[in-house]
Amino acid sequence: MQNVQNALNAASLGGKVKVSTVHSMAVLSQSEPPSSGAFGYGDTMKGLLQFHSSNGSPFMINPYPFFAYQSDPRPETLAFCLFQPNAGRVDSGSGIKYMNMFDAQVDSVHSALKGMGFKDVEIVVAETGWPYKGDPNEVGASLDSAKAYNGNLINHLRSMVGTPLMPGKSVDTYIFALYDEDLKPGPGSERSFGLYKPDLSPIYDISLSKTTKTPAPTPATPAAPTTPATPPPEKTPATTPSPVTTPATPVNPVPTTPVSPVNPGPVTPATRVNPSPLAGTHGAASSSRQPHSLLLILVTMVAFMVVEVHEDDDD
């Protein structure tokens, strides 16, 4: 990461392109309650956070309430994970009542950053989602739950209410995933996080974008024109010159440029799921995605480079 940053600085892009990498929730040695969130990996993590602080780049995390529900499959836990009405869960350290798992997980990361002295480092949710189907033994993997989680998550973020420890701030969040990864190994749920199938057909709609078309108003029927009275005939000269007819100039249609079809990119192979503690559950919550491979990290870096450059151009 430092070498990439050095290259950007040499190209005078250091202040425009941010360098980061993605972490699973396994980077936390403690996540319950959220106020006591703490990182593992000691000096390695501290050096990474120092890099983010020095360069103004975000700390990227992958919270998955779905895996927390799998470790505690009670009805009240499902409602807590899906942003649905529930009794809430009180943080025994701060006394704050959490009403959904997403906020609890993000705040546990915030507490860990604060505990290491880097509370001003921005948090970005690089992945979160819910599978719409899975193997018979995978509790919670259903179409209704996937629609509820992703749809309610979007509404929660758009409300700008933030989290209890970061009120009034919507955390930048990326939903996993746009397409199913149909060649991915592992449980059936790992191939069923997409909003679209690999053939581009939609699986379900979460209202990420809506275009409301207002029907055009029906024009009023014009009144029949009134026929003017016929004027009295006038005297005409004996000789009437022949009229000159001007030929009309034909209008040539503008040629239409055919639209090039958009081809979908290849499906990215994904990593396995390993157990790790997650915030907001009773007992040991489990499972979040492994940190990505070096190749995927570099791809993530390039993607953020492109996004940041385009945002700068827009400014």
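**A guided tour of the predicted model**

Begin by selecting strand E4, residues 59-62, which is covered on both faces. Phe59 and Ile61 lie on one side, Met60 and Asn62 lie on the other, and all four are buried.

**The partners of E4**

E1 and E4 pair in the parallel sense over three bridges. To find one point of pairing, display Val22, whose bridge partner in E4 is Met60.

**Salt bridges**

Now turn to charged side chains. Side chains of opposite charge can pair when their charged atoms come close. The whole structure contains six salt bridges. Select Asp72, Arg74, Glu76 and Arg89, which a network of salt bridges links together. Within this group, Asp72 and Arg74 meet with an N to O distance of 2.8 Å, and Arg74 also meets Glu76, at 3.2 Å.

Arg74, at 29%, counts as partly exposed, and so does Glu76, at 42%.

For another salt bridge, select Glu190 and Lys184, whose closest N and O atoms are 2.7 Å apart. Glu190 is buried, with a relative accessible area of 3%; Lys184 is likewise buried, at 3%.

**A nonpolar patch**

Select Leu178, Tyr179, Tyr196 and Leu200 and show the surface. These residues form a nonpolar patch with about 340 Å² of accessible area together. Tyr196 is found in the loop between strand E10 (173-175) and strand E11 (273-274). Tyr196 is partly exposed because its relative accessible area is 32%, which falls between the cut-offs of 20% and 50%.

**Where to read with caution**

Finally, colour the chain by pLDDT. The mean is 78, and 66% of the residues reach 70 or more. Over residues 212-226 the pLDDT is below 50, and this stretch has zero contacts in the model beyond near neighbours in sequence. Residues 234-288 also stay under 50, although the model has 75 contacts for them beyond four places in sequence. Where pLDDT is low, the predicted coordinates should not be read in detail.

Conventions:
Residues numbered from 1 in each chain as written. Predicted model: local features only at pLDDT ≥ 70, side-chain atom pairs only at ≥ 80, totals over all residues. Heavy atoms only, no water. Patch = residues over 30% accessible without salt bridge, like charges linked within 9 Å, V, L, I, M, F, W, Y side chains within 5 Å. Areas by Shrake-Rupley, 256 points an atom, 1.4 Å probe, with all protein chains shown as cover. Salt bridge = Lys/Arg side-chain N within 4 Å of Asp/Glu carboxyl O. Helix = DSSP H or I, 4+ residues; strand = E, 2+ residues; numbered from the N terminus. Buried < 20%, exposed > 50% of the residue type's maximum accessible area, 1.4 Å probe, protein only. pLDDT = per-residue confidence, 0-100. Contact = heavy atoms within 4.5 Å. Pairing = 2+ DSSP bridges.
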